[in-house]
Amino acid sequence: MKMKIGFEVHEQLATKRKLCCDCPTDYREAPPNTNVCPICTAMPGAKPMPPNVRAVDAVIELALMLGCDVVVDKPIYIQRKHYDYPDLPAGYQHSSTPIGINGELVGVRIREVHLEEDPGAYDPVAGTVDFNRCGIPLVEIVTEPDMHSPEEARRFLRQLMLVLDYSGKVRPEPGTLRADTNISLEGGTRVEIKNINSTKGAYRAVKFEVMRQKALIERGAVIPYETRAYLESQMITVPMRMKVVDFHVILDPDIFPIVIDRARVETIRKRMVEAPHQREQRLAKQYQISQAVAGVIVSERELANLFEAVAKEVDPKLVATWFQTNLKKVLNYMKLRATEVKFTHKQLAGLLRMVKAKRITPEQGELVLRKLVKQPAEPEELIRKLGLERLEKADLRAAVVRTIEENPKAVMDYRAGRKEALNFLAGKVMKFTRGRADPREILKFLRAKLKEKKKRRVSRRTKRSK
Amino acid sequence: MGRGTLEKLKAILQGELSATENVQQALNRIKELDKKIKAFIELNPNALAEAEAIDRKLKRGERVGKLAGLTIGIKSNINVKGLRATCASRTLENYVSPYDAEVIRRVREAGGIIVGMNNMDEFACGSSGETSAFGPTENPAVLGRIPGGSSSGSAAAIAAGMCDLCLGTDTGGAIRNPASHCGVVGIRPTQGLVPAHGLIELAVSFDQIGPLAPDVYGAALMLETIAGHNPNECTSLDSPSANYSDKLGIGIENIRVGTSPKFSELADSAVMEVIDGAVEKLHDLGAEVVEVELPNLEKSLSAYYVIMSAEFFSATRKFDGRKYGRRIEEVCGDEVLRRIKCGDYISRKDQHDRYYKRALQVRTLMRREFGEALNKVDVIVGPTVPKLPHKLGTKLSPAEMYAYDYLTSPISLAGICAGVIKAGEASGIPVGLQVQGKVLGEGTVLRVMRALEAAK
Amino acid sequence: MSNFGHQTFHRAVEISSGVWMAEREKEVGRSAEEIVESFARAAEELPKLKETYYSQETYNVSRPDGEPSREEERTEFRKRFISIMPGADEQGNLRVEVAKWVEGR
């Protein structure tokens with residue numbers, strides 16, 4: 001069944017104070033209604049302070065990252081959007097006219113990007129409101145209905161979250177996403193869903209809604225235009241029974257319009273962060289690595305930064321392979337994000353140089369990497385501490401000879417055709433050399449030695465029989 | 001009313017009259033008269049203590065502010081921390097202000113003693129003082145008549161000598177109208193000159209806080225105390241601070257005073273007679289009187305009401321009864337409800353262009369016409385209210401009531417300043433001359449007003 | 001002082017039912033629409049000009065981001081705010097209605 005899905009996504013912008021007052025924006029530890037003042041609680045007569053310029057700049061930057069045209073040399077108005085809801089102390093929400101228009105992200109058109117204010121936190125079940133977050137600047141991103149399945153919707157949201165995360169312009173704490181989605185099935189009506197707070201939630205809400213609407217259409221029922229709420233706990237949507245509201249939009253007489261000139265846009269463009277989807281393309285091209293690997297590398301901004309720093313010093317292809325496999329593996333295992341990594345790019349580059357020069361084996365490299373992540377130090381030092389300096393060939397040969405001599409049964413087994421005996425012997429050599437030897441070398445030496453002795457014995461036997 | 005503001009201030013500074021005595025006198029007078037006048041809704045229980053603090057400062061020879069020891073009344077739509085800003089409405093009957101308006105901060109810093117909160121038309125919706133939920137205010141100058149509004153209690157308090165100075169608010173004429181009817185001095189400052197933070201909105205793009213005073217000196221003193229840039233407000237003008245009270249006596253020779261034939265078209269002849277007399281006096285004092293064109297003056301009223309209603313609807317959405325007070329639609333009077341309904345209708349998406357946008361075009365027109373007229377003259381003088389105040393309790397239709405604002409609302413649309421001073425009386429009823437000045441032309445307006453005052 | 005008439009008023013409010021309120025809203029609403037229509041007529045033949053939305057023609061009045069207000073500054077306001085709330089819970093949340101779409105679930 002054909003369907004169209006669009007989003008309105010809101011994220012809090014990372015500013016120190018709110019959009020139109022001096023209250024702090026970090027409310028997570030704060031008891032209810034402590035980060036508030038007469039302005040953000042809409043006390044009678046309180047007037048907004050002039051808007052926080054960092055919030056406006058952040059929206060411009062995000063618009064650029066999403067490939068939008070920034071509205072320049074034309075007034076951008078701060079409007080009042082009126083509706084009656086407990087989380088909205090003034091009875092209206094500040095919402096700017098578009099700052100960015102006509103963008104695109106992974107094939108989904110971005111209709112507009114603009115600035116808004118966060119309402120308070122309303123607990124619809126308890127019937128309580130906390131205004132701590134009320135007045136925090138938000139970016140609102142509105143897409144065209146260009147997604148055609150719940151999976152596409154999820155993919156877009158993930159990518160969008162990545163862009164926002166990359167930008168460093170939104171609050172870093174998880175759980176600040178607020179999305180509304182609209183879904184219409186072929187032969188149906190557009191339905192809006194509010195109260196979505198995560199990518200997972202969006203996926204489930206869309207999935208549920210598609211099923212619900214499909215069932216209705218199949219039964220021949222008419223889908224009414226309505227606004228529904230997603231109930232996270234039950235993973236269903238329910239009608240909000242809202243009257244069709246006219247927002248009575250007026251320009252806020254309290255806040256003068258903003259005019260952005262080209263110079264401001266260019267300044268921001270110069271210092272702006274490269275969007276992950278753009279960076280992915282560039283990395284693949286610049287470092288001659290596959291799109292898939294580049295995709296893994298850009299999955300975190302810090303990871304990509306680290307990659308580029310290391311790739312300047314060591315063969316980029318080796319670095320890419322390491323990032324995709326070893327580093328990702330270690331980080332995942334330790335449940336770390338790239339931002340939390342403490343070692344320097346120099347240390348990692350040093351380690352990879354040694355791998356490249358075959359001074360240590362890849363396995364040893366990973367061992368060092370694990371240490372590096374736990375407790376950053378110079379790789380040389382770690383290798384010494386771990387006793388991982390590579391064995392001289394003679395020492396390895398000696399160890400192999402000794403192992404063969406000390407394990408006649410295994411040798412016999414091997415010669416009798418039990419291949420797994422070779423692994424046993426290799427393990428013994430490994431133990432003997434305290435893991436300093438490259439397993440591939442061990443096997444090579446072992447095989448050669450075992451063959452050699454066999455030959456000699458055979459020749460002896462031949463002699464006797466003669 | 002006793003001595004003038006300057007003399008009173010001198011007496012306090014020189015120790016002839018203590019601030020405490022001054023406050024006590026005000027409280028006595030209120031106690032004596034306010035049952036009848038109803039100029040106050042609430043009194044400040046700390047007024048005497050605040051006065052004592054000023055007296056201690058004076059005794060120790062410490063520096064005190066411009067308003068040291070003067071008694072101040074505050075219109076009930078301005079936030080004074082700890083007092084109720086009711087807007088004379090049941091909606092905010094129990095709303096105790098949790099913060100000070102910026103002007104209140106300035107008045108306190110200047111040593112003014114707030115004696116109480118003045119009665120007013122409910123949410124400033126009215127031009128007669130009759131829409132207050134706490135009962136109508138009397139006109140002390142002509143008992144039995146309306147004092148005008150919406151700063152009814154403020155003008156009446158001054159007229160009855162209940163306090164030295166008042167802060168009122170003017171949206172479409174709410175300072176000037178009652179000043180005219182009560183025979184006191186009132187100023188509507190240029191839009192943005194006086195910080196608005198803490199003023200409970202009627203229509204935020206027109207609302208202005210301004211002084212009501214028994215004399216021009218008092219008005220000038222209060223204005224220079226509260227005027228000046230507030231960087232925390234977008235719409236606050238970034239203008240240099242001005243001193244008005246020092247330059248009042250310069251006289252008006254060479255001042256060009258404009259009049260318009262429109263005024264006599266719109267105002268009753270009884271009113272015009274007094275106004276013409278005052279214009280003649282200005283001429284005698286050395287001013288050059290010139291006729292100016294204000295071709296669309298009468299068109300401003302409806303535009304004003306459209307814009308005001310749209311902004312009022314928006315501003316009242318916060319009165320949902322959840323955070324404080326009661327839901328406005330459930331407890332407000334008819335006039336407030338009517339304006340909310342008007343605003344609701346006007347700012348609907350499908351109606352927006354037909355009413356609201358059109359009214360905003362008329363605002364442009366008014367700005368243009370006054371701008372052109374004031375290019376030719378320093379001030380324009382004329383009547384303040386077209387009619388004399390009606391008897392309390394007379395039933396007027398909304399349209400008749402709105403017509404009181406014919407001559408004051410154009411100034412609000414134009415964004416300029418205007419002052420009102422008593423020009424004389426018509427059958428014993430005060431008639432105020434409206435002196436309309438350029439943007440930030442308060443100094444000139446006050447000079448003209450002072451010249452007329454001194455000539456009495 | 002003029003706090004007269006409270007008792008009578010409150011009784012009137014209590015007696016007056018929602019029906020009366022709705023009637024009043026309807027009636028006042030009608031008069032409002034008539035008034036608005038007459039306002040519109042008054043401006044009909046005036047020239048079309050650019051709209052003036054703001055008290056001044058000023059752009060880009062903004063303020064920099066910076067250190068937020070201090071907690072001490074906000075503590076007093078919080079106390080006063082909670083004291084005027086119609087209802088608050090022990091933590092200081094404002095008490096309001098439970099959402100309609102949650103009721104009955």
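Visitor: Which way do β9(A) and strand β1 of chain C run where they are joined, and how many bridges are there?
Guide: They run antiparallel, with 2 bridges joining β9(A) to β1 (residues 94–95) of chain C. Keep in mind that this is a predicted model.

Visitor: Which residue does A:Val129 stand opposite?
Guide: C:Leu94, in β1(C).

Visitor: And how many residues of chains A and C are in contact overall?
Guide: On chain A, 41 residues are in contact with 32 residues of chain C. Four elements of chain A each supply at least two residues of that side: α1 (53–65), β9 (128–130), β14 (236–239) and β16 (258–259).

Visitor: How do the residues on chain A's side divide into nonpolar, polar and charged?
Guide: The side of chain A that touches chain C has 27 nonpolar, 8 polar and 6 charged residues.

Visitor: Switching to helices. At what angle do α13 and α14 of chain A cross?
Guide: Roughly 150 degrees. The axes of α13 (residues 408–415) and α14 (residues 420–432) come within 8 Å. Angles over 145 degrees count as roughly antiparallel, so α13(A) is roughly antiparallel to α14(A).

Visitor: Is that crossing left-handed or right-handed?
Guide: The crossing of α13(A) and α14(A) is left-handed.

Visitor: Which residues make the contact?
Guide: A:Ala410, A:Asp413 and A:Tyr414 come from α13(A). From α14(A) there are A:Ala421, A:Leu422, A:Phe424 and A:Leu425. The residues of this contact divide into 6 nonpolar, no polar and 1 charged.

Visitor: What about α7 and α8 of chain A: how do their axes cross?
Guide: At roughly 150 degrees, with the axes of α7 (residues 301–311) and α8 (residues 316–333) coming within 9 Å. α7(A) and α8(A) are therefore roughly antiparallel. Here α7(A) passes α8(A) in a right-handed crossing.

Visitor: Who touches whom there?
Guide: A:Leu303, A:Phe307, A:Val310 and A:Ala311 of α7(A) meet A:Pro316, A:Val319 and A:Phe323 of α8(A). The contact has 7 nonpolar residues, no polar and no charged.

Visitor: Now chain B. What is the strand order in the open sheet of 11 strands?
Guide: β1-β3-β2-β4-β6-β5-β10-β11-β9-β7-β8, with mixed pairing. The twist averages 30 degrees from one strand to the next.

Visitor: Why is one side of β1 and of β8 left without a neighbour in the sheet?
Guide: Because β1 (40–43) and β8 (288–291) of chain B stand at the edges, each with a single partner strand.

Visitor: And how do β10 and β11 of chain B pair?
Guide: In the antiparallel sense, over 9 bridges, between β10 (residues 417–426) and β11 (residues 429–437). B:Cys417 has B:Gly437 in β11(B) as its bridge partner.

Notes. Residues numbered from 1 in each chain as written. Chains lettered and ligands numbered in written order. Predicted model: local features only at pLDDT ≥ 70, side-chain atom pairs only at ≥ 80, totals over all residues. Contact = placed C-beta atoms within 7 Å. Nonpolar A, V, L, I, M, F, W, Y, C, P; charged D, E, K, R; others polar. Pairing = 2+ DSSP bridges. Axes fitted to C-alpha atoms, helices over the stretch in contact; angles between N-to-C directions. Parallel < 35°, antiparallel > 145°, perpendicular 65-115°, else oblique. Left-handed = near helix turned anticlockwise from the far one by under 90°.
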